[in-house]
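Hi there,

Here is the structure I promised to pass on to you. Have a look at it first, and then read my notes below.

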Amino acid sequence: SSDLLAAAYARLQQSMQVVRIASPAVASALVSGFSERACYYVDSASFLFSAAMLLTLRCVRPAHSAAPAATSQWGAGVRFLLADARFARLVLALAAATFAGSCFGAAASLYVRDILLRGPSMLAAISAFIGAGTICGAAISGRFFTRFRNPLTFVRGGMTTASASLLSFAGIRNESTALAASLVLGCGVGAVTVAAAALLQGRRR
């Protein structure tokens, strides 16, 4: 059901962002105690560990099921989007938000260095605050998602919140505003991600 989907995606987002909050502190400790190379070694080891964990999973398939062709799967995806204009707009909005987030991630280090005149510690703090905000946004969305007649309200609200926080970065250039905007940005992203994923998955079902 939609409420269970929202709760599941909220838990997934929360677990991912807990790692995001802890990562800067772990990286700083590794650089201070060893060197920058240690971060890459540990990062590589974490991927190997994840791959090893995935190898323990077993996917049981029906005995006589034939895998659909890639073209048919692509066609089914296109038909899914065209079948309902609301979800087509939702996917477009998510694509735009993903693009904006990628741009922000690429520009964040330059913003910290050239505008705030700070170093890696400030960049790590911004990342941690975004992670904390995402946890809050995901928790709120997962809890109240089904209480709204139109769940797209969460997506609209999250997009508006993220937009306002990005404007704050540009308009008010100081450290406290950057941290507060990071927290608000994460909250908006968390709400959008959980609500949109639950809506799309529920539509597929």
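Leu-116 is in contact with Tyr-111, Met-122, Arg-173, Asn-174, Glu-175 and Ala-178, leaving aside its neighbours within four places in sequence; contact here means heavy atoms within 4.5 Å. This is a predicted model, in which local features need pLDDT of at least 70 and side-chain atom pairs count only at pLDDT 80 or more, while totals for chains, interfaces and linings use all residues. Residues are numbered from 1 along each chain as its sequence is written, and side-chain values use heavy atoms, with hydrogens and water left out.

Leu-116 also belongs to the largest nonpolar core, which has 13 residues; Leu-116, Met-122, Ile-126, Phe-169 and Ala-178 touch the most other members. A nonpolar core is a set of buried Ala, Val, Leu, Ile, Met, Phe, Trp, Tyr and Cys residues joined through side-chain atoms within 4.5 Å. Buried means under 20% relative accessible area, exposed over 50%, and partly exposed in between (1.4 Å probe, protein chains only). At least two residues of this core come from each of helix H4 (85-115), helix H5 (120-144), helix H6 (152-171) and helix H7 (175-204). H7 gives the largest share, 4 residues. Apart from this core lies another, of 11 residues, including Leu-90, Val-192, Ala-195 and Leu-200.

What does the chain look like overall? The protein chain has 7 helices and 0 strands, where helices (H or I, at least four residues) and strands (E, at least two) are DSSP runs numbered from the N terminus. Of its 205 residues, 28% are buried. Among contacts between residues at least 6 apart in sequence, 78% join residues at least 24 apart.

Leu-90 and Ala-196 are 106 residues apart in sequence, yet 7.4 Å apart in space, C-alpha to C-alpha. Leaving aside neighbours within four places in sequence, Leu-90 is in contact with Leu-152, Val-155, Ala-196, Leu-199 and Leu-200.

Now for the aromatic rings. The structure holds 2 aromatic pairs. Rings of Phe, Tyr and Trp (its six-membered ring) pair if their centres lie within 6.5 Å; planes under 30 degrees apart count as stacked, over 60 as edge-to-face and the rest as tilted. The rings of Tyr-111 and Phe-169 have centres 5.6 Å apart and planes at 80°, so this pair is edge-to-face. Because Tyr-111 lies in helix H4 and Phe-169 in helix H6, the pair ties together parts that are 58 residues apart in sequence. Tyr-111 is buried, with a relative accessible area of 14%, and Phe-169 is buried at 5%. Ring pairs link Phe-104, Tyr-111 and Phe-169 into a cluster.

Buried or exposed: which is Leu-117? Leu-117 is exposed, with a relative accessible area of 66%. You will find Leu-117 in the loop between H4 and H5. Its phi is near 60°, a positive value in a residue other than glycine.

One last stop is Phe-129, which is found in helix H5 and counts as partly exposed, at 33% relative accessibility.

Happy exploring!
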